[in-house]
Amino acid sequence: MLTLWLLLSVFLSSLLVYFAKLQFYWKRKNVKNNFYASTIGVLKLFLLQHNIGALCEQLYWSTKEKYVGFILLGKPVLIVKNLKLIKKILVKDFDNFDNRTMTTNKIGDPLGTRTLFVEKNPIWKFIRSKISSWFSSGKMKTLFTKISQIGDNFVEFVAENEGKPIDLNENCPKYSTDVVTACGFGIEENCFKNKNALSREASKKIFIYNISRGIQFVCYFISPFLTNFFNMKWLDPSSSEFVEKMYYDIKDKRLIEGTHDDFIAELFKMEQKNVYHTDPVEIMAQAAQFFLAGFETVSSTLMYALYEMAHNKTIQRKLRESIKNDLKENGGKITYNSLVGNEYLMNIIYETTRKYPVLPFLDRICRNDYEIPEDNLTIDAGTYIYIPVQPIQRDSEYFPDPLKFDPDRFSIENKEKMGLNSYLAFGGGPRNCIGARFGKLSVACGLAKLVSNFDLNLAGEYEELEFDPKGFLLAPTKKIKLVFNKI
Ligand code: HEM
């Protein structure tokens, strides 16, 4: 009985401390405190009625002030709206904001914990410095033949289904899975032809948005305690098994076959040089990271771009013209240089990621107490910082008529007028997207091949998309279907 009373009083006093913190923590600091977010908002995260991106969006529009604070399961969170301060956090004062908030279970999920996205500084810095040369433009150029071949496979599949509605949610991931497995691991599976491709089975599971995965995604970002307690895994077990098996199979083969230019070859080289003398799992984790980070981002961005092309016929025609001009100049072939040098195509990719940033918020942890003298504010060490990318990129203050799809916003003349810090689709500073060049090239290749071969039409009505509250990446709730007609 005494134990029960003790437990009850501990529970009640914790609740009291929690509510006192909710009320006074940000108030004391003179920052607008959002009581709704700290209570109902958090509850709705666990009920999967909205995700962190949507919560950030709601808070972004709730005030005109530079910041808004709330408490997330006892942790102070600051949503930063001010672009100058965002730049300081991401770039100038990066040393004090060098880690993401995300945690996974170190023992139960050794691969997930060591991925570059999750890994903490200084190990993060060490790994990043070792793998970043693989993402250089020189390397991209050598990989282009592979990506181009996969683009041709997509065209072949679409030609076979000409005039019928094609489900992009199902087929863009086939393209990106093939790109990632070919460039990352030298495996050519052709998911369009091979319905049982193992890589597609694995990629399907990584970002499956069911209730259990939805709750896990919330926990990775907001509760190390729950993540550890329930032994949650960032990578679905069968997907990590797939990556592990692929890693060892390829390693054995490569001992016989010799050199390759894919990402895993780079990792093997590092292993041979004993760069990872501390922990070989670290290497395998980067292979898993490549697979995980590459396919969903590329597939979603390509899908959104195709959707907007089918809706905005004038832009579609202008893009086709520009690609046809390039084709004439290059003997009828799409080349690496023609893609990256096509300003209009690249601006379409920027505009797509502006309107649909796959990662709708960025996050960092404040390492040491951080002074903002002009606002007389100290951000305490340990505070979670959320940067609301999607609402910033849809704010008419920075992007007039924000729902309009307008690639010319990114033309050289207009870019100069635009606040440079307001485009954050690939993040910013030393921890920005390492795969941005590879991602843009893969999307550009798929888009250019499809638009130059087909007239793209919506299978239904155009509507502004809504996004799945169970995911942490931007995923549409409805199926996107297009009808392609040969030109
Ligand atoms: C259109 C495609 C892509 C988009 C929109 C995108 C977006 C992002 C964003 C917003 C971040 C967070 C940056 C930050 O916190 O400042 C990120 C990080 C990252 N991305 Fe991408 N990404 C894309 C493609 C790729 C590809 C193809 C790869 C690799 C194959 C990749 C690998 C990574 C990695 C490893 C990180 C973590 C970097 C670090 O912590 O050092 N991404 N990405």
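1. Contact here means heavy atoms within 4.5 Å. On that basis, α8 residues including L168, Y175, V180 and F185 meet α14 residues including F290, F295, L302 and L306. The residues of this contact split into 15 nonpolar, 7 polar and no charged (Ala, Val, Leu, Ile, Met, Phe, Trp, Tyr, Cys and Pro count as nonpolar, Asp, Glu, Lys and Arg as charged, and the others, Gly among them, as polar).

2. Before going on: this is a predicted model, where local features need pLDDT of at least 70 and side-chain atom pairs count only at pLDDT 80 or more, while totals for chains, interfaces and linings use all residues. Residue numbers run from 1 along each chain as its sequence is written, and side-chain values use heavy atoms, with hydrogens and water left out.

3. Now the iron. The ligand's iron atom has a single donor from the protein, C433 (SG), 2.3 Å away (donors are N, O and S atoms within 2.8 Å of the metal, or 3.2 Å for Na, K and Ca; water is not among the atoms, so sites may look incomplete). C433 sits in the loop between α19 (412–417) and α20 (436–453); helices are DSSP runs of H or I with at least four residues, numbered from the N terminus.

4. N121 and P122 are joined by a cis peptide bond, with omega about 10°. Most residues other than glycine have a negative phi, and most peptide bonds are trans. N30 is not a glycine, yet has a positive phi of about 65°. N30 counts as exposed because its relative accessibility is 70% (exposed is over 50%, buried under 20%, partly exposed in between, with a 1.4 Å probe and protein chains only).

Technical notes: Helix = DSSP H or I, 4+ residues; strand = E, 2+ residues; numbered from the N terminus.
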